[in-house]
Amino acid sequence: MRADLHCHSNISDGLLPPAEVVRRAAANGVELLALTDHDDVSGLAEARAAAEDCGIAFLDGVEISISWGEDTSFHIVGLGIDPRHRALVDGLAAIRSGRDGRAVRIAEALREAGIPGALAGASRHAEKSTIIGRAHFARYLVEQGIAPDVKTVFDHYLAKGKPGYVPHHWATLEEALAWIHGSGGVAVIAHPARYRVSRDELRRFIAEFKERGGEAMEVACGAHSMDLVHELASLARHFGLMASSASDFHGPGESYADLGVVPPLPEGLVPVWRDLI
Ligand code: AMP
Ligand code: MN
Ligand code: MN
Ligand code: MN
């Protein structure tokens, strides 16, 4: 089964509308897709309809931003959720409105770093989105010629410790798990190797996630080496978590990997989609 259970449309910070994401996935040979926009579910109906047209299997998904400890954030993917579940809908709405205030603070920080106009600029890039995030700021800075590409903007301006970074309170792990489980979904730790935390901290986070009822972690992530995939596979086995496959596609030319381009899942892991399809 070629599965890709993590990608974004322009509902959040992807570049393509939901139906185009689905058509591109199908063209790339994806057989099971989940759309997992940041902190919103409003692209799922369009994506599901497109998946039916293309004849591929589809799971309703979301990627929830959470805070853990002092100023560390993690992303939790919910799969097989019910997008109408009240607590989930309300919780995501609260995260999105928190993003608005954060965007104002990011723009102020960038202004102090000598880059004016970033709120209006990022908002323009977020015109079709229901959220505003750092990717929209990054696209504005690229457009202004301040950096050659989005990755460089993150490295110099938006990553933690850089001038345009501002601390923020997201949801808690407990809340994200309650919303995902309350809506009938399973919870997956997104891209475990991409957080700026030590291996020890990552293990502590995974242990707490498991203890609180989390079910799975991404193991086969877009653009990961097979060495890294095997390292994540042994973490999944150690903690008794199921494994997911995830491109985290955001758009042509702006992503670690294209839709469906993920390494194979190592043997001996339980695929998270086993009980979902
Ligand atoms: P936010 O949710 O607003 O904090 O933004 C996080 C998003 O920024 C991620 O989902 C990616 O889309 C993007 N992002 C984070 N770090 C990088 C990076 N180093 N290069 C490119 N995009 C990044
Ligand atoms: Mn993103
Ligand atoms: Mn993420
Ligand atoms: Mn993502």
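Predicted model: local features only at pLDDT ≥ 70, side-chain atom pairs only at ≥ 80, totals over all residues.
**Entry 1: ligand 1**

I began with R134 and found a polar backbone atom of R134 2.8 Å from an oxygen atom of ligand 1; a polar contact here is a pair of N or O atoms within 3.5 Å, and within protein one must be able to donate a hydrogen and the other to accept it, with residues adjacent in sequence counting only if both atoms are side-chain atoms. I then looked up H38, where a polar side-chain atom lies 2.9 Å from an oxygen atom of ligand 1. For H250, a polar side-chain atom is 2.8 Å from an oxygen atom of ligand 1. Taken alone, ligand 1 exposes 500 Å², and the protein buries 81% of that (Shrake-Rupley areas with a 1.4 Å probe; for residues, only the protein chains shown count as cover). The residues around ligand 1 include D13, R99, R102, K151 and Y256, each with a heavy atom within 4 Å of the molecule.

Residues are numbered from 1 along each chain as its sequence is written, chains are lettered from A and ligands numbered from 1 in the order in which they are written, and side-chain values use heavy atoms, with hydrogens and water left out.

**Entry 2: manganese, ligand 2**

Which protein atoms hold the manganese ion (ligand 2)? I listed D13 (OD), D13 (OD), H38 (NE2) and H250 (NE2), lying 2.1 to 2.7 Å from the ion. Donors are N, O and S atoms within 2.8 Å of the metal (3.2 Å for Na, K and Ca), and water is not among the atoms, so sites may look incomplete. The angles among the 6 donor atoms run from 53 to 161°, and the site is irregular. The donor spacing is D-x24-H-x211-H. D13, in the loop between β1 (3-4) and α1 (18-27), and H250, in the segment after β8 (242-246), are 237 residues apart; helices (H or I, at least four residues) and strands (E, at least two) are DSSP runs, numbered from the N terminus. D13 is buried at 9% relative accessible area, and H250 is buried at 13% (buried is under 20%, exposed over 50%, partly exposed in between; 1.4 Å probe, protein chains only).

For the manganese ion (ligand 4), I noted H6 (NE2), H8 (NE2), E63 (OE) and D248 (OD) at 2.1 to 2.2 Å. The manganese ion (ligand 4) sits 4.7 Å from the manganese ion (ligand 2).

E63 (OE) also turned up at the manganese ion (ligand 3), along with H75 (ND1) and H191 (NE2), at 2.1 to 2.2 Å. E63 is in strand β3 and H75 in strand β4 (residues 72-79), so this pair ties together parts 12 residues apart in sequence. E63 has 0% relative accessibility and counts as buried; H75 is buried too, at 18%. I make the manganese ion (ligand 3) 5.6 Å from the manganese ion (ligand 2).

**Entry 3: helix α5**

Why is α5 (residues 134-143) largely enclosed? I found 7 of its 10 residues buried, so the rest of the structure largely encloses the helix. The buried residues of α5 pack against α3 (86-112), α4 (118-125) and α6 (150-158), with contact meaning heavy atoms within 4.5 Å.

Methods. Tetrahedral: all angles 85-135°; square planar, octahedral: opposite > 155°, others 65-115°.
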